[in-house]
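Please have the sequence and the model open while reading.

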Amino acid sequence: MLDKRMSLADIAGRLRDGMTVGIGGWATRRKPMALVREILRSPVKDLTVVAYGGPDVGMLCAAGKVKRLIFGFVTLDVLPLDAHFRAAREAGALECWEYDEGMVLLGLRAAGMRLPFLPARGGLATDVMRVNPFLKTVRSPYADAEELVAVPAIKLDVALLHVTEADQLGNSVILSPDPFFDELFARAADQCYLSCERLLPTSEICSRDKARYNPFERSLVTGVAEVPHGAHPTASVPGYGIDVEHLKEYSGATGDAWSAYRAKYVDLPDHAAYVEAVGGAARVEALPAPVF
Amino acid sequence: MGTQGYTLAELCITAAAEAWRHDGEVLATGIGLVPRLAASLAKRTFNPALLMTDGECMLVAEPVPVGPRKNGYVPSFEGWMPYARTFDLLWGGKRHAMVGPVQVDRYGQTNISLVGEYARPKAAFLGVRGFPGNTINHANSMFVPNHSARVFVAGEVDMVGGVGYNPARWPDGRKPAGLDLRIIVTDLAVLDFQGPDHQIRVASLHPGVSFAQAQENTGFPLAHPTSIPVTRAPTAEQLDIVRTVLDPHDLRASVFKGNPPGVRQGAA
């Protein structure tokens, strides 16, 4: 019987310097933050990060883990800007491949389809083409002869995703309102790791009713870690909402204040200690679902 | 603000709602408070056919009010619009978004990425987000709460994220079929792209604002039609809907410093 259960440290231990790592979720929603904090505690460096970015990107920037960022945005939603991402970018510490959001989607999809590129209009006539000089265009071979961006495949070494429930085989369901692009990250990656709120027997995940929320097949999944509250301070609905108060503390902890934040919330013995540090499970579970 | 008067924020909301009047059945997306209230007002009044979300991923038959909701409030859901489907929809062109750029240039090119140089910006903002794909695929309008030469820059914007009417950047020099910039609502005026060769033009001036004042606060020449109307005042029905239905907690009072009246002092 397949058993893909792993610890957070096991998963972080699979990362190597210079790898391309895709992170699922969206801004402040369903980010695998416990895995991100585990990466902060590990020696790995020089990562290329691909994300619809939130505090996952900011935190990796603050810890100096990011060499290159492939992205359309980094935001904390409720707070428009992530101070750590801003500081790293304004210091010139990041190599940025700034893409249209749709280009990130198509690049991941191309990788999952094992295609070299997918064509798109988004990006043409903008500075996306200037600041990413490696981007090329193709011309439609048909009568329209339209010039299009050849969005190159974004092949991932590793995808890190946070789902609601999973079993030890790698079956999963996302019960949040929006599955975002987690499926595309999973398909684009050589190794895909899930953290989940609950690890359950297969029969409790894949009923006829719930199978509709199964984002991708288990054969894409390399490892699974059960990490209740593992998306905090981002939301994992149903379960808990965005911890706005914590995000403010995090985004305010720039410069010298970062080491204090890190000592208080990152350099801890385990995830249980983190949940205690942020006020305990009951407090996290009382965070209201976000209203936009 | 009594029922006789209206605030500048309320004027901007009703002026911005006009963007969607003749759109029919497209997805209306208003990013930020004023655009969102404007789209909601358009749907609630003259264009009920608009598609709209709850701000997350559910389509709603009635616009969702902003701010804290009454206990037990349930939006009138009518469908699902997760992000992945939003891209499918927008690539098909059936959307009209209103956004709030950091910079806009004479071509209508927009920037929300950064100020300064790409490799080491003076100020880093969000990133281009979906602007490149949006502006080349469907209709777009803008809300600019601080009409100034810092926003309406003299040259090109520092990082072109949104496509504009700049033939030098168009593939093969041909206007992209989906490029369709509509209006820009500011704290001084409503602008459109109906000048010669899509030059940005003053479509209406808010009460008490002169063309000279709008021009002085713009880094490029604005087209001046033979006559410029005054931006139409909100109707009593519009004010009632905005105040009691769409924004019952008066979040719009914080859009402009001091929540100024819509009719500026000294205006007729």
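In this predicted model, the crossing of H3(A) and H4(A) is left-handed. Helix H3 spans residues 55-62 of chain A and helix H4 spans residues 83-90 of chain A, and the two pack at an angle of about 50° with their axes 7 Å apart. With angles under 35 degrees counted as roughly parallel and 65 to 115 as roughly perpendicular, H3(A) and H4(A) are therefore oblique to each other.

**Helix packing in chain A**

- On the side of H3(A), the contact with H4(A) is made by Val57(A), Gly58(A), Met59(A), Cys61(A) and Ala62(A), while H4(A) contributes His84(A), Phe85(A) and Ala88(A).
- Sorted by class, the residues of this contact of H3(A) with H4(A) comprise six nonpolar, two polar and no charged.
- H3(A) also packs against helix H2 (residues 33-41) of chain A, here at an angle of about 10° and with the axes 10 Å apart, which makes H2(A) roughly parallel to H3(A).
- The residues that H2(A) brings to this second contact are Met33(A), Val36(A), Ile39(A) and Leu40(A), and those from H3(A) are Pro55(A), Asp56(A), Met59(A) and Leu60(A).
- The contact of H2(A) with H3(A) has seven nonpolar residues, no polar residues and one charged residue.
- Met59(A) is listed among the residues of H3(A) that meet H4(A), and Met59(A) is also listed among those that meet H2(A).

**Domains of chain A**

- The domain assignment divides chain A into domain 1, given as 8-100 + 154-285, and domain 2, given as 117-152.
- The C-alpha centres of domain 1 of chain A and domain 2 of chain A are 31 Å apart, and four residues of domain 1 are in contact with five residues of domain 2.
- On the side of domain 1 of chain A that touches domain 2 of chain A, the classes are two nonpolar, no polar and two charged residues.

**Contact between chains A and B**

- Chain B gives 37 residues to the contact and chain A gives 34 residues.
- Within chain B, the elements that give two or more residues to the side touching chain A are helix H3 (83-91), strand E8 (121-124) and helix H4 (131-137), and the largest share, four residues, comes from H4(B).
- The residues on this side of chain B fall into 22 nonpolar, eight polar and seven charged.

**Val163(B)**

- Val163(B) is located in the loop between E9 and E10 of chain B, and because 31 other C-beta atoms lie within 10 Å, Val163(B) is buried, the cut-off for this term being 20 or more.
- The residues that Val163(B) touches, leaving out those up to four places away in sequence, are Ala125(A) and Thr126(A) from chain A, together with Gln109(B), Pro132(B), Thr135(B), Ile136(B), Pro176(B) and Leu179(B) from chain B.
- Although Asn134(B) and Val163(B) are 29 residues apart along the chain, their C-alpha atoms are separated by 8.7 Å.

**Helix H1 of chain B**

- Helix H1 (residues 8-17) of chain B is mostly covered, with 10 of its 10 residues buried, among them Leu8(B), Glu10(B), Cys12(B) and Thr14(B).
- The cover over the buried residues of H1(B) includes helix H2 (33-44), helix H6 (236-246) and strands E4 (95-99), E9 (139-144), E10 (180-186) and E11 (189-192) of chain B.

Conventions
Residues are numbered from 1 along each chain as its sequence is written. Chains are lettered from A and ligands numbered from 1 in the order in which they are written. This is a predicted model: local features need pLDDT of at least 70, side-chain atom pairs count only at pLDDT 80 or more; totals for chains, interfaces and linings use all residues. A residue is buried if 20 or more other C-beta atoms lie within 10 Å of its own, exposed if 12 or fewer, and partly exposed in between; C-beta atoms are placed from the backbone. Two residues are in contact if their C-beta atoms, placed from the backbone, lie within 7 Å. Domain bounds come from an automatic or database domain assignment. Ala, Val, Leu, Ile, Met, Phe, Trp, Tyr, Cys and Pro count as nonpolar, Asp, Glu, Lys and Arg as charged, and the others, Gly among them, as polar. Axes are lines fitted to C-alpha atoms, for helices over the stretch in contact, and angles run from 0 to 180 degrees between N-to-C directions. Angles under 35 degrees count as roughly parallel, over 145 as roughly antiparallel, 65 to 115 as roughly perpendicular and the rest as oblique. A crossing is left-handed if the near helix is turned anticlockwise from the far one by less than a right angle, and right-handed if clockwise.
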